[in-house]
Each structure stands twice: as structure tokens, then as C-alpha cells.
Amino acid sequence: MSRGTASLIDVSGVSQIYAGRDGAPTWALRDVSLQIGDGEFVCLIGPSGCGKTTLLHLIAGFLQPSRGSVAFQQQPILGPGPDRGVVFQEYALFAWMTARQNVEFGLRAKPLSRGARRQLALDALGRVGLLAAADKYPHELSGGMRQRVAVARALVVEPKVLLMDEPFAAVDAMTRQTLQDDLLRLWKETGVSVVFVTHNIDEAIFLAQRVVVMAPHPGAIVSERIIDADYPRDRGSAAFGELYGSISGELTNGTRRAA
Amino acid sequence: MTTISDIDLSDNTHPASPSFEAQFRAANEHARRKAQLTRLTLNILGLMLFIAIWEVIPRYSDWVNEVLFPPPSTVLQAFIPMLTSGEIGRNIAISLQRAGLGFAIALASGIMLGLVTARVRWLQYLTEPLLHGFRAIPTIALVPLCVLWFGIGEPSKVVLVAWGAFFPIWITTFIGVRDINLIYLRSAACLGASRRDTLLLVVLPAALPFILSGIRQSIAVSLIVLVAAELSGASAGVAYMMSQGHQLFRVDIMFIGLALLGTFGFLADRVFVALARWLFPWYAAS
Ligand SMILES: Nc1ncnc2c1ncn2[C@@H]1O[C@H](COP(=O)(O)OP(=O)(O)OP(=O)(O)O)[C@@H](O)[C@H]1O
Ligand SMILES: [Mg+2]
């Protein structure tokens with residue numbers, strides 16, 4: 001944990017079992033333990049089906065673990081709440097609200113005047129560079145823009161942690177890079193913790209202070225790596241290449257073992 | 001839709017200049033207007049063609065009886081005195097009142113019950129056999145019973161329309177709310193939304209496409225049930241007017257009723273579509 005010291009999220013000894021259609025159990029996670037520090041940026045990486053989404057949803061409070069415990073600020077997580085923002089892989093913006101209304105939605109729970117809510121929402125959209133699109137509906141926005149609005153919507157309620165499930169997987173490579181730069185900037189500005197799920201090794205090394213590598217069948221953590229290189233990171237550097245090679249090797253090993 | 005290729009931009013101004021943009025807008029607007037006009041012209045032409053054929057055939061052929069199938073000119077001759085005497089207006093007002101009131105009751109109760117039965121599991125299980133069972137009964141089969149229970153006055157008509165129009169709205173609201181994308185509920189939950197905000201600002205709008213299709217069905221059902229109710233005993237209303245025409249052997253009056261009912265249905269549907277577009281601008285496009 002290179003930034004914060006106190007542990008914000010404690011996942012300890014968690015197993016998650018899903019009942020299949022015939023009632024047969026699938027182990028999505030087995031005995032997973034992980035700590036996320038306050039203000040830390042952690043990437044979860046692993047092949048499809050290794051339980052990344054499951055782990056994220058446990059932290060979000062969408063699921064309760066079959067075994068083990070998930071705690072947030074030393075309190076067991078009982079359900080979703082505004083202290084843990086989520087950015088989904090699929091577009092989760094409310095289709096019936098404009099970008100501004102989407103961002104404003106989370107502020108309704110706070111004791112704010114209409115005008116203050118509106119201003120905060122516009123500020124948040126400004127921070128992701130979308131002030132001009134405030135009155136557009138999601139279907140009028142590109143994929144990258146929608147994810148920016150989703151990030152703005154999640155951040156405007158000032159969560160302690162941002163849980164992101166492959167948020168940039170559906171956008172083109174160039175847009176993805178801009179989104180990554182923006183995310184790093186917002187992370188530094190707000191001091192929020194980030195748990196970021198990705199399939200993409202390059203993305204993990206570019207973003208994370210710590211990369212957690214997972215393997216499937218059953219989902220488990222294979223390794224954790226602290227990356228203490230300064231931001232912004234140089235994708236062409238030797239260190240970057242080295243990390244890429246070792247994580248890539250670990251992923252193929254994990255997948256091959258499982259297959 | 002107009003595409004750029006439909007638009008004539010013969011003047012060679014610089015593509016980025018404001019005058020080019022203005023030209024593009026004007027050309028686009030022009031093409032749109034033209035397409036609209038063509039459509040409207042053809043719509044009217046179709047209607048006129050139909051009226052012309054309807055006029056000519058009973059008049060000049062010997063295989064259609066003019067009394068059993070009066071041409072539009074005859075129908076119009078019957079229509080005008082009935083209109084000026086206020087008879088038509090009164091019947092329309094009464095029919096619309098019945099249909100409107102019944103439909104409004106169905107709308108409110110259908111959405112409310114659909115919402116509740118989809119969100120509260122035990123209520124769903126408690127009521128689903130009943131609701132589905134009642135839904136399976138054609139409303140028209142209830143007309144005689146309703147007349148027995150409520151008489152031939154207004155209540156029996158309103159109750160019948162409300163009953164018939166309720167089920168399409170209830171079932172579509174139920175399905176729309178039950179099948180709401182989990183991601184919307186989860187998004188609302190992790191933004192700390194209250195139950196009320198989640199229900200009114202997330203669940204209902206997410207189910208809206210379903211609800212709107214139910215409302216549209218209900219509008220059609222309201223009209224059908226209204227006619228059945230009025231035919232089975234009433235002292236006023238458009239369908240009552242038609243049954244009077246039947247007894248007097250006045251097919252022209254019956255035709256007036258048909259034309260009125262067709263117009264109601266058509267206008268109600270148009271108004272509904274326009275209202276939905278205006279209230280929910282995101283709906284048509286997304
Ligand atoms: N609702 C569910 N019911 C049954 N099995 C499930 C359910 N959700 C996930 N699983 C299973 O649990 C395992 C882990 O799923 P999870 O979605 O967490 O993986 P993932 O790492 O996010 O994969 P991906 O990279 O494809 O998103 C998979 O084997 C999956 O089939
Ligand atoms: Mg996943």
C-alpha cells in the first residue's frame with residue numbers, strides 16, 4: 001500500500017458459490033483475502049471467469065459471501081451504499097435522464113437545494129470534460145462519453161472507493177488512453193480509492209499501484225505486485241515491458257493450469 | 001429521414017463557412033418539409049379514393065343495394081341535421097365521458113397494482129392466479145352481468161370499460177417492472193437513492209416502454225368495451241345511436257356511428273403517440 005496506510009476494505013477468507021441451474025455449486029471464489037488501503041489504486045486482472053466481477057460485487061454489497069467476510073472501514077458490508085461507487089462494464093446510465101440528470105440523481109439523497117445540486121452536477125461533468133454534453137441523453141453520447149458520465153455520476157456523491165468493472169473495455173484504444181489519463185487525474189484530485197477490474201495487462205500496469213493477478217476454477221488470487229513507478233507511466237520503458245512479461249506469463253500459466 | 005445525398009448543395013461555398021451551414025440547414029429543412037407534404041398528400045388521396053369508390057359503387061352498380069350500403073353523400077345528408085340539432089354532439093360527449101372515466105380508473109389502478117405486484121413478492125404470489133384468471137375472461141362476457149348489477153345507467157358502462165382496460169395496463173406494468181435491468185437498481189442503490197426516488201425515477205421510467213404499449217392496447221380495448229356496453233342497453237351514446245339506427249332500419253345512421261368510432265380510435269391513438277413523444281423525448285430515440 002504505497003499511498004494510504006489504514007485498510008479501507010478487508011476481504012478475508014471469502015468463498016463465493018453460485019448454484020447452477022441444476023443446483024450444482026460453482027465455486028466463483030475460493031478462500032480469497034485482500035486488503036485495499038485508503039486512497040489506493042488496485043487493479044484486479046485475470047482470465048474470464050476467475051471471479052473478478054464477483055469479488056467487486058461482494059465489495060459493492062450486491063452479494064453476500066457464502067463464506068468469509070467483507071468489511072468496509074472495519075464494518076461488515078450489508079448492502080450497497082453511496083460510500084462505494086460503482087462503474088459498470090455495460091452502460092448503466094439511466095436512459096431517461098440527460099447526462100446532468102444522471103449525475104444529479106445521487107445528490108438527491110443529500111440535503112442540497114436544487115440549484116446547488118445542479119451546480120455540483122455541472123462541476124462534476126466539467127471535471128470529466130463533458131460540460132457541453134450536459135443536456136444530452138445517453139443515446140446521444142459515444143461509448144467513451146457515456147463512461148465519463150458514469151464516472152462523474154459515481155464520483156459526485158464522494159464515495160470512499162470507486163469500484164470499476166472493466167469500464168473501458170468497450171471503447172477503442174485511443175479513447176481508452178484518454179479515459180485512463182482522466183481517471184488517474186481524478187484519482188489524484190479526489191483521493192478516492194480505486195478497485196479496477198481489467199483483462200488488459202497494459203491498462204493494469206499503466207494505472208495501478210498494486211496489481212492483483214487472479215486465476216479461475218476456482219477463482220483465487222495468484223499473486224500481488226506493487227508498482228511504485230511514478231505517474232504518468234511510460235509504456236515504452238524497460239520496467240513497463242518487464243512487468244508486462246511477468247504478468248503475462250503468470251496469466252497464461254494460471255489459465256493453462258485451469259484448462 | 002433525409003440523408004445528405006437528398007439535399008442539393010450546388011453552391012460551392014467553403015464547407016466550414018457559416019453560410020454553408022445555414023444552407024445545409026435550409027436544404028435539410030426543405031427536404032424534410034417536402035417529405036412530410038408528400039406523405040400527407042398521399043394520406044388524403046387514399047382517403048378520397050376510398051370515399052369516391054364508396055360513392056360510385058352503390059350508386060352505379062346493380063349488385064350493391066343503396067339502402068343497405070348507402071354512399072357517403074347519403075350518410076352526410078343524414079349527418080348534417082343530426083349534427084346541427086346537437087344530437088351527435090351529445091352522444092359523442094356521453095360516450096367519451098364513459099370511455100375516458102373508465103380508462104382513467106384503469107390507468108391509475110393498473111399502474112399502481114402492476115408496480116406493487118411486481119415489487120412485493122408475496123403479493124405477487126398471492127394475486128397472480130386471480131389476476132391471470134380474471135384476465136382470461138373476455139370482458140364482453142361480463143356485459144349482461146354488469147347490467148344486472150349496476151343497471152343500464154352510467155356506472156355499468158364505466159365499470160366495464162375500467163375492467164377491460166385495466167388488464168393490459170396491469171400486465172405490461174407488471175412485466176416491465178419485474179424484468180427491469182438489475183444494473184439500474186444496483187446503480188440507484190449504490191448512489192444512495194431513497195425507496196421513493198428509486199421507484200419514481202428509476203423503476204417506473206425503466207418500465208415505461210412496456211407500460212406505454214399496455215396503455216395503447218387499453219385505449220383500443222376501452223372503445224370495444226364501450227360499444228358492447230352501449231349496445232346492450234343505454235339511453236345515449238354513439239353505439240346507442242347505432243342501435244337506434246338499426247331498429248329504424250337506417251343504415252346511414254349506423255354508418256355515421258362507425259365513422260365516429262373509427263375517428264375516435266384513430267385520434268385517441270394519435271394523441272397518445274404525440275403525448276408520449278412530448279413527455280418522454282428519450283423514449284422514441286433510444
Ligand atoms: N449469477 C451467477 N450464477 C451462476 N454462476 C455464476 C453467476 N455469476 C458468475 N457465475 C460464475 O462464477 C464464475 C466467476 O464469474 P465472474 O463473473 O465473477 O468472473 P469474471 O472474472 O468477472 O469474468 P469476466 O472476465 O468474463 O467478466 C464464473 O465461472 C461464472 O460462470
Ligand atoms: Mg466480469
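**Close-up views of a predicted model**

**View 1. Arg235(A) lies over the face of Phe206(A), 3.9 Å from the ring centre.** A charge counts as over a ring if NZ of Lys or CZ of Arg is within 6 Å of the ring centre and within 35 degrees of the ring normal. The charged end of Arg84(A) likewise sits over the ring of Phe72(A), at 5.5 Å from its centre. The model is predicted: local features need pLDDT of at least 70 and side-chain atom pairs pLDDT 80 or more, whereas totals for chains, interfaces and linings use all residues. Residues are numbered from 1 along each chain as its sequence is written, chains are lettered from A and ligands numbered from 1 in the order written, and side-chain values use heavy atoms, without hydrogens and water.

View 2. Oxygen atoms of ligand 1 lie 2.4 Å from a side-chain N or O atom of Ser48(A), 2.5 Å from a polar side-chain atom of Thr54(A) and 2.9 Å from a backbone N or O atom of Gly49(A).

**View 3. Phe69(B) and Phe255(B) form an edge-to-face aromatic pair.** Their rings are 5.5 Å apart centre to centre, with 90 degrees between the planes; ring centres of a pair lie within 6.5 Å, and planes over 60 degrees apart count as edge-to-face. Phe69(B) is partly exposed at 40% relative accessible area, and Phe255(B) is buried at 16% (buried, under 20%; exposed, over 50%; partly exposed, in between; 1.4 Å probe, protein chains only).

**View 4. Ring pairs link a cluster in chain B.** The cluster consists of Phe134(B), Trp163(B), Phe166(B), Phe167(B), Trp170(B) and Phe174(B).

How values were computed. A polar contact is a pair of N or O atoms within 3.5 Å; within protein, one must be able to donate a hydrogen and the other to accept it, and residues adjacent in sequence count only if both atoms are side-chain atoms. Rings of Phe, Tyr and Trp (its six-membered ring) pair if their centres lie within 6.5 Å; planes under 30 degrees apart count as stacked, over 60 as edge-to-face and the rest as tilted.
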